[in-house]
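Please look through the sequence and the model shown here.

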Amino acid sequence: MLKKIGSFVFLCLICRTGNLLAQQKDYPIQPIPFTQVHVNAGFWKPKMEVNANVTIPYVLAQCKANGRVDNFLRAAKLLGGDKLSEFPFDDTDIYKVIEGASYAMQVKSNPKLDKYIDTLIGIIGAAQEKDGYLYTFRTVNAKKTHEWIGAKRWQNEEILSHELYNAGHLYEAAVAHYQATGKRTLLNIAIKNADLLTRTFGYGKIEEYPGHQIVEIGLAKLYRVTGNKKYLDLAKFFLDVRGPKGEAYNQADKRVVDQHEAEGHAVRAAYMYTGMADVAALTGNQQYLHAIDEIWKDVVDKKLYITGGIGATNAGEAFGDAYQLPNMSAYAETCAAIANVYWNSRMFLLHGDAKYIDILERTLYNGLLSGVSLSGNRFFYPNVLSSMSQNQRSAWFSCACCISNMTRFLPSVPGYVYAHDKNDLYVNLFISNSSDIMLTAGKVNIIQTTDYPWKGKIDLNLNPAKSSSFTLRVRIPGWALAKPVPGGLYTFMDQNPAPVTISINGKPLVYQTEKGYAVITRKWKKGDVVTMNLPIETQKVIANKLVKADVNRFAFQRGPIVYCLEGPDNRDSTVQNITVNKMAVSNALYKPEMLNGIEVITAEGKSSKRQLNTDQLLETDQSVTAIPYYAWANRGPSEMTVWIPYEASASMPKPAPTIASTSTASGSIKNKRMLKALNDQYDPQDSKDASMPYLHWWPKQNTSEFVQYDFDKPHTVSESKVYWFDDGPWGGCRIPASYKIFYKKGDEWVPVKTTTPYTIAKDTYNTLSFEPVETTALKMEVQLPADNSTGIHEWEVR
Ligand SMILES: [Zn+2]
């Protein structure tokens, strides 16, 4: 069934010089650009400042320190040698941080930064080949060619070379830089490159698709800014040439118009859906719309984390099956969250429905914002929803996509606040700001004042240049109507929240709603104040019962903010052993001094511990504290969970101390978190269970390795039980070739005298009995397989 999406509008595009560029179709609803929305207080202002003052300079310095700049210098022959950084897509980190810096300079001018960006652009231009080709990993012509790039240009594009991915980010950066500074330097480089692409790709030319999508979005932007239709045609070609004979991994196993479900690599996918929306808006293509409408429903109904994260599995950084939303092994890449915002903002511009902004807002305040630390210089790549303290923010990743993506995304947040369609003014997000907006009826200044997301009162002060009639469409968030997501994936336990009230100049208003918006049409005059009160209450969210990982659990949500329990706020720094009754009463309190100012939730709950020699759990009443999910992992590694058990069966009681758990673990691997996994007493579901911490020796193969327990005092021991980690057939670890247990006798290691044979089996504990010995230490020697590595989930000693 084809859906009608409302009439496309024709816009006259006027370029900077005032020339009429083209009669151009575009989104029926147009966003108010972030340059016109001046955020002046509240939640996002300090975050955007940290991005401008800390993250952007930090990422620029990291790009320099990690060879990104040298790649361009070497391609430009301005630096000797042929050393390159690790990945052929590393060029994009420079492009993305230029985009972020350009955006930040639009908000606040910064001559020093402007000059440095000019220097970088000079180097990028020098690295560009004569015909426009720009890809440092080939131009440097290193003696040892990177295995991803192929012998000839574009040869490996459909697989791994990322030549077109780099181009896409270049175009986005170029348009941003041009719009921010008016300088054409980077734009000219981008146009030269895009012209090469239009000469190279197309029907009757090279008929190949991008291995990693984004060039479609970049080309659409280039088309908008130049009015040159060949860029739009190329974007459409790159979509149409996709499938059906490629891989699901990069959405090339079907033609794009035949795709109905989200599959494969989540960032690639969401960039593609965004590109399809752009091309649909710019051409009127209904088939693209039909496809992305269905895919959107698939994601929202079955594949969306409560945090707005997408892409559940680390295997292929991909969407999982329907309802496959594991928490501890959640992938939910930061880039995928950013892509999800891009995609949903486009869906809104096409359809004018608030449900897309509901998803956008959920992602923004939770699974996207969690990607950067409060300090602005530590990052998450995957954004898990549960941790045994094995997760920690990093200063940098060799694949730095998420970091540079954050720099460019954050300054653009104000661009999601408002949109307009002729005489309809949409208010989508609640952020204190002042903005001048041009409607058909004339210019309107709007001042928004709010303490959202902590408080639900929003004042909209409207100042039309002259009294005039237009329609204000104020989004009523789904969560305020007990509908946290558009589909049935998540529901609130309390279905009766307080009503949303709206008043005009202090007088209560009876309002109509349409597509999730309160629709207010009237003759507006200077100084009119619309006040909306949203019921910000602590809600308990329940997941669809088909989501196995969330059975017998709930999550706290207040307004748009999803909460988690984290170690530092809870007794013994443990949270995985906590249960909170479904009916528990909770309190909320704003703590300005905590984690840069957060609203904290407390409730009464229980924690449980195992005891020695009995199956009886030791349960203790305790106060339980929850903090906003985005703010976790800013106080060092710790346990964390978003989904809180309300049944004891769903919690993980704290284990009783054992010889192993009180031992000091060491081994031929030095990673402390991996060594901690050895005796953390949490059993995996099977050998391939990657949701629990485990120890592994990958990428080592065919070597002899060891782990060792030094006991807290001499113990008499006679049994060893080991659970191997084996992630075959896809991963690099298998059960070992052999292993052997030794005990410490004086200064010597002596093999134990076994009374049962050594067994090496998957998915179970391998128990070995031996003649009792009194000792202070045990050692396990492990022989790795000839062509694989090995890992250990757990090693018990009795
Ligand atoms: Zn990323």
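Helices here are DSSP runs of H or I with at least four residues, strands are runs of E with at least two, and both are numbered from the N terminus.

The protein donors are E333 (OE), C335 (SG), C401 (SG) and C402 (SG), at 2.1 to 2.3 Å from the zinc ion. Donors are N, O and S atoms within 2.8 Å of the metal (3.2 Å for Na, K and Ca); water is not among the atoms, so sites may look incomplete. The arrangement is tetrahedral because the four donor atoms subtend angles of 102 to 118 degrees around the zinc ion; four donors count as tetrahedral if all angles lie between 85 and 135 degrees. E333 and C402 are both buried, where buried means under 20% relative accessible area, exposed over 50% and partly exposed in between (1.4 Å probe, protein chains only).

## Basis of the model

This is a predicted model, in which local features need pLDDT of at least 70, side-chain atom pairs count only at pLDDT 80 or more, and totals for chains, interfaces and linings use all residues. Residues are numbered from 1 along each chain as its sequence is written, and side-chain values use heavy atoms, with hydrogens and water left out.

## Residue N383

N383 is found in the loop between α13 (354-368) and β5 (386-388). N383 has a relative accessible area of 1%, so it is buried.

The side chains of N383 and T334 are joined by a polar contact of 2.9 Å. A polar contact is a pair of N or O atoms within 3.5 Å; within protein, one must be able to donate a hydrogen and the other to accept it, and residues adjacent in sequence count only if both atoms are side-chain atoms. A polar atom of the N383 side chain also lies 3.0 Å from the backbone oxygen of A332. Beyond its neighbours within four places in sequence, N383 is in contact (heavy atoms within 4.5 Å) with residues including E333, G367 and Y629.

## Helix α4

The buried residues of α4 are L113, D114, I117, L120, I121, I123, I124 and A127. What covers them includes α1, α2 and α3 (91-107).

Technical notes. Tetrahedral: all angles 85-135°; square planar, octahedral: opposite > 155°, others 65-115°.
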